[in-house]
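This report describes the domains of a protein chain, the surroundings of one of its ligands, and a strand with its partners. Please keep the sequence and the structure in view while reading.

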Amino acid sequence: MTKLDIEKVAIIGAGPGGLASIYELSHTNRDGTSTVGTGKSEDPKFTKIVAFEQKDKAGGIWAPSINIADLKAPPQDILDTGKYNDPDVIHPEQKAPGGIENSSFEKPVKIETKKVYNELEWKRSGVYEDLFTNVPARFTRFSYLPNEKKYLDEKRAIYPFLTQEELSGRIEDFVEREGLNEYIRFNTRVEHVTKNAEGKWIITVKQKNEDDGEEYWYKEEFDAVIVSNGHYSVPNIPYIEGLAEFNKTYPGSVIHSKSYRSSQEFKDQKVLVVGFGVSTAGLVQYIVPVAKETIIAQRSPNLVFEWINGALVSKGITRRPEIERIDAVKNEIIFKDGSIERNVDKILLTTGYHFHYPFLQDYLKVVSPSNVSRVNGLYYHTFSIDDPTLATVGVTVAHLNFHTIEASAAAVAGVWSGAKSLPSKQEQKNWEQQHVKDTGNNLVFHFYENDQVKPEFVDKLSPLHPDNRPDIVSEDLKYLNEFDIGTAKSEKLFYQLKDGKLNVKDIFPV
Ligand SMILES: Cc1cc2nc3c(=O)[nH]c(=O)nc-3n(C[C@H](O)[C@H](O)[C@H](O)COP(=O)(O)OP(=O)(O)OC[C@H]3O[C@@H](n4cnc5c(N)ncnc54)[C@H](O)[C@@H]3O)c2cc1C
Ligand SMILES: NC(=O)c1ccc[n+]([C@@H]2O[C@H](COP(=O)([O-])OP(=O)(O)OC[C@H]3O[C@@H](n4cnc5c(N)ncnc54)[C@H](OP(=O)(O)O)[C@@H]3O)[C@@H](O)[C@H]2O)c1
């Protein structure tokens, strides 16, 4: 396959995936060698790197807004359509204004807007004050970030985890130390991405000044695009008969886990939690001690964490099967086994998130959108098979999430610098087809267990890394037992918090 020769790169999103991409590209020399570990490249291959970030801060979900959240649920008029399970409906692409064709970064089209904040952008983080990581501190970092000793102290009450504030701080330090902000255009949302007749990518963006309701739209040309917009922003609101009517009858009663901020909202309430995942356990441990009653509607067992299957049916929780329908007039929730819960105050949807690319739908197609869908047409979850100048960083699902992000970003730098070549399109397609056969045409396609990450992902991509690129995971893999310690800790803390024997404020370091 012919070698690529890319110079100008656009990056969509400045969360961990976008930051790793900036770091990797800015540490790749013109000759295709890597300077990771030795400082920024002085003869950089990529002469223009621009990351567009819709928020005013880097860090993605680890740039949380603790006191303000996204909408609890889509607006009522959207709920009333009954199509709220379609991400295109709750997270639509915004059309560019007239005059955009001749615009540029220097000469944007300015429009006045009454929508000072567009809630359907879903850009606020789902991280809340009392959240702690479920991945040990050692692994919640890129290989080139310090493994701070203070977090490895077994005497810490939340060892081996980090509080959300500690992880956000770690990422903030990284951004600061490496001067990554200089590559990022903040408050700038990518709305559309197309390719022109000359084969260049044209990015249409909207920069928004939320203080005065002005938007500045412009187009800009790039050789290649990295999509690192994350997949925990757009809430998955499953279609449930009667849900819209319930929210209309009891405004504010339907809440997605993304907008949970404090258990106080559930104090003395009868709460129905939908889901059986990590978010379910994470929130239920805080809700049970304050709620009047906590019921969980479970569709399937948790296949990732066995302890959750026991925890979510323990004392203080009533388990029900999936919801059949809701009768808002009678305030009845009818479950698939015919059982009924009455007088529910809050329905908390811990039902996960969508992969969603409203700005690039011709290229990144999501199979059957839901919390368990997959993205079609990607070689090793990273390179668009249709167009090698389009890549994604952060699509994989793994506990060793930071390592898989790093491996993808490094492979993009290796291929786009011309140091390495991708296999033929046919070979890439064969890999995708085989992987679907091996895993399924759903989210499991993107999932790697801890012991699979090195042999089945990192080692497959490292031949594509820039020359001399340091190894990503080997050193850390000696400490995988910390995951077992972590799982036991998650379980122990769950019961202590849920049973009111512990207050999270007492175990979070000050
Ligand atoms: C509640 C919760 C807890 C989690 N806990 C852990 C944990 O303990 N450990 C762990 O490893 N992982 C955890 N994760 C997974 C987490 O998503 C990853 O740690 C990490 O944030 C992924 O980075 P990312 O860059 O891919 O996505 P994100 O962090 O989501 O960043 C994507 C960025 O893209 C921006 N963006 C999106 N669309 C656009 C656009 N059109 N234009 C411009 N900018 C855009 C967003 O504003 C955001 O800043 C958790 C996720 C959730 C939801
Ligand atoms: N640091 C932390 O502690 C922390 C906290 C929260 C989240 N996270 C991370 O964030 C990511 C997302 O986790 P998540 O728990 O929000 O989402 P998730 O893993 O997608 O789980 C969603 C849950 O909702 C269920 N569900 C979906 N539709 C349903 C319906 N109609 N009826 C009943 N149940 C339904 C799913 O069941 P099915 O299995 O049947 O689809 C699943 O149990 C994960 O990577 C997780 O590790 C981490």
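How far apart do the C-alpha centres of domain 1 and domain 2 lie? In this predicted model, the two C-alpha centres are 31 Å apart.

## Domains and their contact

The domain assignment divides the protein chain into domain 1, made of 8–141 + 163–233 + 354–472, and domain 2, which covers 237–351. To the contact between them, domain 1 gives 19 residues and domain 2 gives 19 residues. On the side of domain 1 that touches domain 2, there are nine nonpolar, six polar and four charged residues.

## The shell around ligand 2

Ligand 2 is surrounded by 22 residues, of which Pro238, Gly275, Gly277, Ser279 and Gly352 are the closest. By class, this shell holds 12 polar, eight nonpolar and two charged residues. Domain 1 and domain 2 each supply at least three residues to the shell, and helix α6 (residues 278–287) makes the greatest contribution to it, with three residues.

Strand β11 (residues 270–274) is largely enclosed by the rest of the structure, because four of its five residues are buried.

Strand β11 pairs in the parallel sense with strand β12 (residues 293–297) over five bridges, and valine 274 has alanine 297 of β12 as its bridge partner. Strand β11 also runs parallel to strand β17 (residues 346–349), to which four bridges join it, and here valine 273 stands opposite leucine 348 of β17.

Key
Residues are numbered from 1 along each chain as its sequence is written. Chains are lettered from A and ligands numbered from 1 in the order in which they are written. This is a predicted model: local features need pLDDT of at least 70, side-chain atom pairs count only at pLDDT 80 or more; totals for chains, interfaces and linings use all residues. A residue is near a molecule or strand if its C-beta atom, placed from the backbone, lies within 6 Å of it. Helices (H or I, at least four residues) and strands (E, at least two) are DSSP runs, numbered from the N terminus. Ala, Val, Leu, Ile, Met, Phe, Trp, Tyr, Cys and Pro count as nonpolar, Asp, Glu, Lys and Arg as charged, and the others, Gly among them, as polar. Domain bounds come from an automatic or database domain assignment. Two residues are in contact if their C-beta atoms, placed from the backbone, lie within 7 Å. A residue is buried if 20 or more other C-beta atoms lie within 10 Å of its own, exposed if 12 or fewer, and partly exposed in between; C-beta atoms are placed from the backbone. Two strands pair if DSSP finds at least two bridges between them.
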